[in-house]
Amino acid sequence: MERKLLSGNEAIARGAYEAGVRFASAYPGTPSTEVLEVAATYEEIHAQWAPNEKVALEEGIGAALAGSRALVAMKHVGVNVAADPLMTASYVGVNGGLVLVVADDPGMHSSQNEQDSRQYARFAKVPLLEPADSQEAKDFVKIAYEISEEFDTPVMLRSSTRISHAQSLVTLAERQDIPIRPYEKNLAKRVMMPAFARPRHVAVEARLEKLAAYAENTPLNRIEWRDKKIGVICAGISYQQVREALPEASVLKLGLSYPLPQRLIKEFAAGVEELFVVEELDPFFEEQIKAMGIKVRGKELFPLTGEIHPNLIAQTILGQPLAEKLEAQAREEGTVPTRPPVLCPGCPHRSVFYALKKQKLLVSGDIGCYTLGALPPLDAMDSVICMGASISAGLGYEKGNPDLKGKVVSVIGDSTFFHSGLTGLMDVVYNQGSTLTIILDNRITAMTGHQDNPGTGYTLKGEPTVALAIGPICKALGVKRVREVDPYDLPALEAAIKEEVAAPEPSVIIARRACALLDKSTKELYIIDEEKCKRCNHCLRLGCPAIVKEEDRITIDASLCVGCGVCVQVCKFDAIVKAGGEND
Amino acid sequence: MTKTTSILMGGVGGQGIVLASKLIAHVIQAHGKELKISEIHGMAQRGGSVLTYIRFGDEVASPIIEAGQADIVLASERLEAWRWLPYLRHGGTMICSTQIIKPMPVITGAQKYPENIMKVLEELAAEGKLGALYAINALEVARQCGEPKAANVALLGILAHCLEFPLESYLAALEALVPEKYLDVNKKTFMAGYEAVTKS
Ligand SMILES: Cc1ncc(C[n+]2csc(CCOP(=O)(O)OP(=O)(O)O)c2C)c(N)n1
């Protein structure tokens with residue numbers, strides 16, 4: 001069969017296709033997003049974006065109970081949102097197989113925390129699979145469905161940034177023909193009220209024991225005997241890093257990494273002189289192995305934070321790194337400027353933060369491209385916690401400190417509003433808050449690479465659908481003061497913020513303007529009229545990458561400017577003019 | 001088993017590093033090697049630093065490249081060459097576009113763009129710490145060929161001198177991956193990069 005270069009995420013989607021999956025749901029989130037984007041390219045899979053991870057998992061549970069093989073995908077923090085259904089889905093079990101793909105982000109390349117999702121498998125008492133490259137990612141998905149159906153359990157498949165976003169060669173196979181299983185009603189197994197749930201918990205514990213026995217013999221877990229002086233237990237990406245750093249060492253590679261195979265671990269431990277666990281983030285294996293009474297070293301040597309790379313493994317275990325960095329004295333002496341991400345030229349979010357900073361308001365922030373409004377020079381955000389927290393934490397600010405009343409603005413993106421902003425806004429109304437909520441409606445989920453959401457009018461498969469209107473939703477939630485503003489119109493935006501934040505009742509401003517990366521219209525670009533420019537640097541406060549300060553002058557980079565015209569409105573000297581002539 | 005070859009590509013979000021890495025992957029695959037390509041996405045689209053690791057050989061374990069491990073650093077911008085310099089092994093090859101894209105902290109005046117980058121790289125090459133240094137203004141080369149967006153393809157033309165694969169494999173990769181409409185200009189840009197080395 002053909003070998004194809006696939007990322008881990010593409011391979012997971014391919015695995016779902018080959019495993020006969022019929023239904024897939026997810027909410028986007030780096031590094032998991034492409035799983036569903038690729039799943040959607042297979043005609044045989046009904047793939048859809050859910051408004052959040054809890055909804056996605058519940059849909060997957062329903063589809064599996066209905067008899068289809070179902071896949072649900074999310075980033076690590078998504079599992080927090082989906083934790084409620086996960087815990088009880090474990091009791092309910094499946095009909096068609098159910099696989100939950102979770103992509104962790106050790107090192108926080110693109111996340112607000114680096115929680116270790118393996119803990120969720122143990123917490124929910126469901127089996128956990130950890131592939132170590134794209135081939136395994138694909139193969140493990142197929143095995144996950146077999147385990148799911150054989151043991152009547154949801155299965156968690158955990159990836160991480162270095163698996164999801166690394167490409168390697170994969171041998172493809174045909175799609176299996178897996179018919180929809182017949183649906184039969186089964187109250188005692190699926191209606192989780194106390195009398196039915198108690199025996200289900202007993203069943204879950206018995207299932208874990210059976211899975212532990214299975215873990216001893218499955219080829220997913222294997223000992224690779226090499227030199228017996230050093231033995232390392234590892235899974236997922238850490239397996240590759242250990243192989244790179246210690247090619248001579250013996251390895252116990254765990255593919256089914258919860259529940260653990262106790263007998264296999266004991267056999268491995270007995271066969272090597274020194275035993276190590278190499279695992280990123282929490283001492284998940286280490287603590288369980290120590291509880292088996294086995295002497296092993298892990299987190300006393302390796303960090304609890306970030307990724308664990310080959311150099312560190314070699315340095316720690318062999319006492320010397322794999323490679324030494326190239327030293328260049330001149331470079332060591334100076335600083336290397338950082339290149340942080342910035343709001344794009346023409347980004348409709350920019351003017352909102354400029355206005356908020358100018359009015360010195362307390363900004364309860366949220367997660368999306370607009371989180372970049374927290375960085376200088378915009379510097380207009382006070383806190384960011386998790387998706388949806390802007391509105392609810394904003395209400396908390398106001399209730400927690402009466403001095404802040406009339407100054408609190410919650411800022412949230414359109415996708416984030418649909419994800420988990422609605423309940424917060426409902427509560428601002430219910431509990432009689434007076435915060436201003438600004439919904440940055442750029443008509444797309446931009447941060448994760450432009451996915452559709454309930455407000456865009458399209459499904460994941462690109463089919464036209466109902467576009468939910470944010471304004472009427474806010475009104476239905478009980479907000480009386482709802483208005484829409486074009487964020488490119490700075491005076492109108494500033495006036496609206498001033499008025500609405502002062503209102504003694506809940507208010508909403510919808511700042512509506514499509515993401516600049518998706519706006520294909522061509523606008524006339526702007527330049528600086530050097531005669532008029534007083535070099536006051538005020539325009540630099542917008543943090544627009546197209547406006548560049550040279551030694552003694554300011555210029556607009558024509559290759560970056562998209563002609564949004566926001567800078568024109570902040571210049572006090574009318575020094576920013578259309579490249580082709582007069583301003584309107 | 002032959003040694004794994006490691007290429008680190010660094011650039012700025014929006015510079016088209018993804019196509020460049022696809023082209024290299026195509027060339028490597030055509031020669032039956034194992035390979036791993038690792039990209040950091042996330043907020044790269046928003047003008048941040050972007051980084052791609054390419055590793056190939058008979059067998060590849062880790063998808064990442066450690067400081068001191070890269071055989072080749074290919075940087076599409078001067079400051080990015082500076083940033084990833086420590087990742088080169090002693091005697092490794094630096095391929096660098098001399099183009100400058102100022103990052104936000106430099107634009108706002110909070111940090112200074114280092115002035116001596118090219119001079120220091122040349123000194124390192126003279127000392128032998130760099131096995132080879134190839135520096136061209138890839139953007140300018142691409143512009144002259146007719147498509148500034150193809151700047152990275154000019155750098156690939158240089159890379160072709162540094163790897164063991166024949167020129168035809170690169171042209172085949174361009175044919176396989178670049179849309180018809182842009183194929184000629186990409187080939188022209190690739191050859192301009194390739195010849196920039198042969199001529200100098
Ligand atoms: C629970 C959870 N799921 C997913 C993510 C990943 N994520 C962060 S922001 C975001 C969407 C942002 O979209 P939107 O609110 O429309 O703002 P935009 O990026 O378009 O400005 C996503 C999917 C996350 N951080 N947390």
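A charge is said to sit over a ring if NZ of Lys or CZ of Arg is within 6 Å of the ring centre and within 35 degrees of the ring normal. The model is predicted: local features need pLDDT of at least 70, side-chain atom pairs count only at pLDDT 80 or more, and totals for chains, interfaces and linings use all residues. Residues are numbered from 1 along each chain as its sequence is written, chains are lettered from A and ligands numbered from 1 in the order in which they are written, and side-chain values use heavy atoms, without hydrogens and water.

**View 1. Charged end of A:Lys253 over the ring of A:Tyr239.** The charged end lies 5.3 Å from the centre of the A:Tyr239 ring.

**View 2. Aromatic cluster of A:Tyr258, A:Phe284 and A:Phe285.** A:Arg118 lies over the face of A:Phe285, 5.0 Å from the ring centre.

**View 3. Ring pair of B:Phe190 and B:Tyr194.** Over all chains, the whole structure holds eleven aromatic pairs (rings of Phe, Tyr and Trp, the last by its six-membered ring, with centres within 6.5 Å; planes under 30 degrees apart are stacked, over 60 edge-to-face and the rest tilted). The centres of B:Phe190 and B:Tyr194 are 6.5 Å apart and the planes lie at 20°, so this pair is stacked. Both residues belong to helix H8 (residues 180-199) of chain B, four residues apart, about one turn of the helix; helices are DSSP runs (H or I, at least four residues), numbered from the N terminus. B:Phe190, at 1% relative accessibility, is buried, whereas B:Tyr194, at 21%, is partly exposed (buried: under 20% relative accessible area; exposed: over 50%; partly exposed: in between; 1.4 Å probe, protein chains only).

Methods. Helix = DSSP H or I, 4+ residues; strand = E, 2+ residues; numbered from the N terminus.
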